[in-house]
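Subject: Handover of a structure

Hello,

Here is the structure for you to look at. My notes follow below it.

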Amino acid sequence: MTQDELFKVLVAHCKEYGFIFPSSEIYDGLGAVYDYGQLGSELKMNIKRYWWEAMTRLHDNIVGIDSAIFMHPKIWEASGHLSAFNDPLIDNKDSKKRYRADVLIEDYIGKLEDKIRKEVEKAHKKFGDAFDEEKFLETNPNVLRHRQKINEVHERMAKALNENDFTELRQIILDCDIVCPISGTKNWTEVRQFNLMFSTQLGSVSEGANVIYLRPETAQGIFVNYLNVQKTGRMKLPFGIAQIGKAFRNEIVARQFIFRMREFEQMEMQFFIKPGTELDWFKQWKENRLKWHTALGMGEENYRFHDHDKLAHYANAATDIEFHYPFGFKELEGIHSRTDFDLSQHQKFSGKKIQYFDPESGESYTPYVIETSIGVDRMVLAVLAHSFHEEQLENGETRIVLSIPAPLAPVKVAVLPLLKKDGLPEVAKKILHELRFDYNVQYDEKDSIGKRYRRQDAIGTPFCVTVDHDTLTDGCVTIRHRDTMEQQRVKIEDLHSIIDKEVSMTELLKKLL
Ligand code: ATP
């Protein structure tokens, strides 16, 4: 199966098993808006819990808040979003489809990178153990040609974006012979700017309503509460404020399922520091955040840093943590050194003094900020895409399994009586009632045991516990492990500790220290 086909199967699987539905589906859906179903919302909640506890419990100096989505409209003037939160868009005149000009160029670069990867694979096969990849990359003429093209296009794009030179952006698309993926033509319009914020009105029109915006990021809710939290929490620099919440962007091109949505959720943390220490903290937060990801065991090779060519108006250093999605390496999280831009702007626009008195040096200053910002939905997609496998079993059957990292799995244990009679359901329900205080558990007595195992594999349940006739006399049950399908006979009273070793969020969090 190609990655494209696999992705389609995954999207269908998410719907079939109650993870993710298109929003307003009975009305034919709403573009790039999705609802989380009964299992998707559990998965999402576990991801949020992992992040929240890693931030607020494992750091004495990070606290969490929950600010409102509606905020004073001046905030978006101060933050620069009203004037600068734009994407360059371009339309194909034949297909009438709209694209982000920079994304079209990045996809083109991605294709050249794929070509290099393929050259390496081919040579690897040809030369076997004697293959020297480093030397090959330095000398192979095809690789060198692709690399030179990548660098050239990259540089031109970075310059055009920095200078807001839309004529040049369009020219790059033409020079690279980039065609519309739908119509296959190069019949492009000019490149235009498009503001991504949604607006609405506060109050009734007759009262003279104010235009307000749905926040495009949660960060500003943190900045405008900096003084409140610092004072009431008696926080000393360095300290952080974390927040999880919805954000809204009128994305031009909303494709790739929950990767790019118009309503999504962010987990953001602003870390306030002394000016001059930002590059040290930036480095530390890069390491810290990568560790949070790799502790989940989804393969270190699936993450990479991508430093920004075009720094946002507020940043003096920025990187993305990219994840290897089925459609290539793409941004999962952003880490930005935002200087004192936001706090200074809010000081200017609100007229309130926003500073920190440093008791050690006796000076007052505006703190600098390192931000870590990750999309919950992109994290859900990373977990689902990485976990989804179609396996060929020895007996010729296939099984679909979601090998979701156990602490994030929506359901942790399924308790299954082998038969629907002979007192087995009663014992199974007793076990269920004991486990439910610690875990999300499911009970299932319908169909053959094999079918029930498959249903649990398909939703990523790490353990199935089967009660059979012997259980009535020996007090033991069969516990089956999702990934290995290995079965063990264990005492009912040992279940808790066996399950806990794998699904415990505490154990996962301990890996971060
Ligand atoms: P992109 O370049 O992909 O548009 P961005 O650089 O604009 O993303 P940020 O403003 O840095 O993204 O937002 C922080 C995080 O929020 C991103 O790393 C991503 O995980 C998430 N995010 C941003 N936009 C969306 C969206 N439209 N849908 C889902 N998640 C999003």
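Where is the place of alanine 382? Alanine 382 sits in helix α13. Helices here are DSSP runs of H or I with at least four residues, strands are runs of E with at least two, and both are numbered from the N terminus.

First, the ground rules. This is a predicted model, in which local features need pLDDT of at least 70 and side-chain atom pairs count only at pLDDT 80 or more, while totals for chains, interfaces and linings use all residues. Residues are numbered from 1 along each chain as its sequence is written, and side-chain values use heavy atoms, with hydrogens and water left out.

**Helix α13**

Alanine 382 counts as buried because its relative accessibility is 0%. The classes are: buried under 20% relative accessible area, exposed over 50%, partly exposed in between, with a 1.4 Å probe and protein chains only. Setting aside neighbours within four places in sequence, alanine 382 is in contact with Met298, Phe323 and Tyr325. Contact means heavy atoms within 4.5 Å. Tryptophan 285 is 97 residues from alanine 382 in sequence, and their C-alpha atoms are 21 Å apart.

Serine 387 is also in α13, which covers residues 376-387. Serine 387 is buried, at 0% relative accessibility. Not counting residues up to four places away in sequence, serine 387 touches Val401, Leu402, Ser403, Ile404 and Pro405.

**The ligand**

How many residues surround the ligand? There are 17, and the closest are Glu251, Arg260, Met261, Glu331 and Leu332. A residue is near a molecule if one of its heavy atoms lies within 4 Å of it. By class, the shell holds 5 nonpolar, 5 polar and 7 charged residues. Ala, Val, Leu, Ile, Met, Phe, Trp, Tyr, Cys and Pro count as nonpolar, Asp, Glu, Lys and Arg as charged, and the others, Gly among them, as polar.

Strands β10 (263-273), β13 (328-339) and β16 (368-375) each give at least two residues to the shell. The largest share, 5 residues, comes from β13.

Arginine 100 places a polar side-chain atom 3.2 Å from an oxygen atom of the ligand. Methionine 261 has a backbone N or O atom 2.8 Å from a ligand nitrogen. Leucine 332 has a polar backbone atom 2.8 Å from a ligand oxygen. The protein covers 87% of the 600 Å² of accessible area that the ligand has on its own. Areas come from the Shrake-Rupley method with a 1.4 Å probe; for residues, only the protein chains shown count as cover.

A polar contact is a pair of N or O atoms within 3.5 Å; within protein, one must be able to donate a hydrogen and the other to accept it, and residues adjacent in sequence count only if both atoms are side-chain atoms.

Histidine 13 is in helix α1 (residues 3-16). Histidine 13 is buried, with a relative accessible area of 5%. Its side chain reaches the backbone oxygen of alanine 458 at 2.8 Å. Beyond neighbours within four places in sequence, histidine 13 is in contact with Phe388, Ile400, Leu402 and Ala458.

Ala458 is one of the buried residues of helix α15 (residues 449-459), together with Arg452, Tyr453, Gln456, Asp457 and Ile459. Glycine 460 follows α15 and has a positive phi, near 85 degrees.

**Cysteines**

How many disulfides does a search of the whole structure find? The search finds 0. The cut-off for a disulfide is a pair of cysteine sulfur atoms within 2.5 Å. For cysteine 14, the nearest cysteine sulfur is that of cysteine 464, 20 Å away. Cysteine 14 is buried, at 1% relative accessibility. For cysteine 180, the nearest cysteine sulfur is that of cysteine 176, 16 Å away.

**Backbone points to check**

Leucine 237 and proline 238 are joined by a cis peptide bond, with omega about -5 degrees. Proline 238 is in the loop between α10 (226-232) and β9 (239-248). Arginine 234 lies in the loop between α10 and β9. Phi of arginine 234 is positive, near 45 degrees, and the residue is not a glycine. Arginine 234 is exposed, at 71% relative accessibility.

Best wishes
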